[in-house]
Structures are given as C-alpha cells and as structure tokens.
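Good morning, and thank you for the time on today's agenda.

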Amino acid sequence: MRYKPRPGVALVSICKTPVLIPNREAFAACSRIQKLPAIWAILWETISMGKPMENLVRANMILTKKSEPEVRESIESICEKLCEMGFLIKTSEESE
C-alpha cells in the first residue's frame, strides 16, 4: 500500500520534538496536534518527499537488527495508525 500526507498537515519541531499540526484545510479529518516519535517523523519526511521506502526499510533493518518482513510490518503499522488519526491518506499504487 502507498500513502501520501493529507494536504494541510505540517511537520514542525516544537522544543526539538517533532509534531504534526493540521491547518484549517485538514482540521475536519484530523483535529489535534500529534507528537511523533523520531522514527515516525523520519517516516513522515520520507513519504512527504516522495522518496522510496526502501531507504527507510534498509536503515531501520540496520538500526534495529530485525528482518526485512518485521521492519516492513512495523512501518505498515505506523502508516495505518497515522491513517486512523487522519494525517495520512492511502492511495492505490496504480495512481502513483
């Protein structure tokens, strides 16, 4: 599954803590500010910049010493949580 950031959501740093903040455009879908763990912020940046997830998967495999399926499952879980909160939108792979 592919994901894209919801229009109107910005990643900012408040006191060196990454935070997602919706503006008026995104407020109906996600009406709260969300503090992010570092790996979530890196994932957000990767998705926002349109970079391949393979880079994040490989780096995460090295840092956590986990297998590729475990890392992919973890990343997918994070993306699903961000979708449930309204910050990410699922897209079909054909539309990309």
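Of the 96 residues in this chain, 30% count as buried. Please keep in mind throughout that this is a predicted model.

Let me begin with the overall dimensions. Along the principal axes, the C-alpha atoms fill a box of roughly 40 × 40 × 20 Å.

I turn now to the secondary structure. The chain contains 3 helices and 5 strands. Along the sequence, these elements follow the pattern β-β-β-β-α-α-α-β.

Next, the sheet. In what order do the strands of the open sheet stand? The order is β2-β3-β4, with antiparallel pairing among these 3 strands. The edges are taken by β2, residues 9-14, and β4, residues 34-35; each has a single partner strand, so one side of each is left without a neighbour in the sheet. Between β2 and β3, the latter spanning residues 17-22, there are 6 bridges, and the two strands run antiparallel. Within that pairing, Leu11 has Leu20 of β3 as its bridge partner.

Helix α1, residues 38-48, lies across β2 and β3, and runs at about 140 degrees to β2.

What, then, of the interior? The largest nonpolar core comprises 22 residues, and those with the most contacts inside it are Leu82, Phe87 and Leu88. Two or more residues of this core come from each of α1, α2 and α3. The greatest contribution is that of α3, which gives 7 residues.

Leaving aside residues up to four places away in sequence, Phe87 touches Lys4, Pro5, Arg6, Val9, Leu20, Pro22, Cys30, Arg32, Gln34, Trp44 and Leu82. Two of these names have already come up: Leu20 is the bridge partner of Leu11, and Leu82 is listed with Phe87 among the core residues with the most contacts.

Let me move to the charged side chains. How many salt bridges does the count give? The count comes to 3.

In one of them, Glu54 pairs with Arg72, and their closest N and O atoms are 2.6 Å apart. This pair links distant parts of the chain, since Glu54 belongs to helix α2 and Arg72 to helix α3, 18 residues apart. Both ends are partly exposed: Glu54 has a relative accessible area of 34%, and Arg72 has one of 32%.

Arg72 also forms a salt bridge with Glu68, where the closest N and O atoms are 2.9 Å apart. Arg72 and Glu68 are 4 residues apart in helix α3, and therefore separated by about one helical turn. Glu68, with a relative accessible area of 34%, is partly exposed. Taken together, Glu54, Glu68 and Arg72 are linked in a network of salt bridges.

There is also a salt bridge between the side chains of Glu80 and Lys90, at 3.1 Å from N to O. Because Glu80 lies in helix α3 and Lys90 in strand β5, residues 88-91, this pair ties together parts that are 10 residues apart in sequence. Glu80 is partly exposed at 24% relative accessibility, and Lys90 is partly exposed with a relative accessible area of 42%.

Finally, a remark on the backbone. Most residues other than glycine have a negative phi. Which value does Lys16 take, although it is not a glycine? Lys16 has a positive phi of about 65 degrees. Lys16 is placed in the loop between β2 and β3. At 79% relative accessibility, Lys16 is exposed.

Lys65, which is likewise not a glycine, has a positive phi near 60 degrees. This residue sits in the loop between α2, residues 53-64, and α3, residues 68-85. Is Lys65 buried or exposed? Lys65 is exposed, with a relative accessible area of 74%.

Thank you for your attention.

Methods:
Residues are numbered from 1 along each chain as its sequence is written. This is a predicted model: local features need pLDDT of at least 70, side-chain atom pairs count only at pLDDT 80 or more; totals for chains, interfaces and linings use all residues. Side-chain values use heavy atoms; hydrogens and water are left out. Two strands pair if DSSP finds at least two bridges between them. Contact means heavy atoms within 4.5 Å. Axes are lines fitted to C-alpha atoms, for helices over the stretch in contact, and angles run from 0 to 180 degrees between N-to-C directions. Buried means under 20% relative accessible area, exposed over 50%, partly exposed in between (1.4 Å probe, protein chains only). A nonpolar core is a set of buried Ala, Val, Leu, Ile, Met, Phe, Trp, Tyr and Cys residues joined through side-chain atoms within 4.5 Å. A salt bridge is a side-chain nitrogen of Lys or Arg within 4 Å of a carboxyl oxygen of Asp or Glu.
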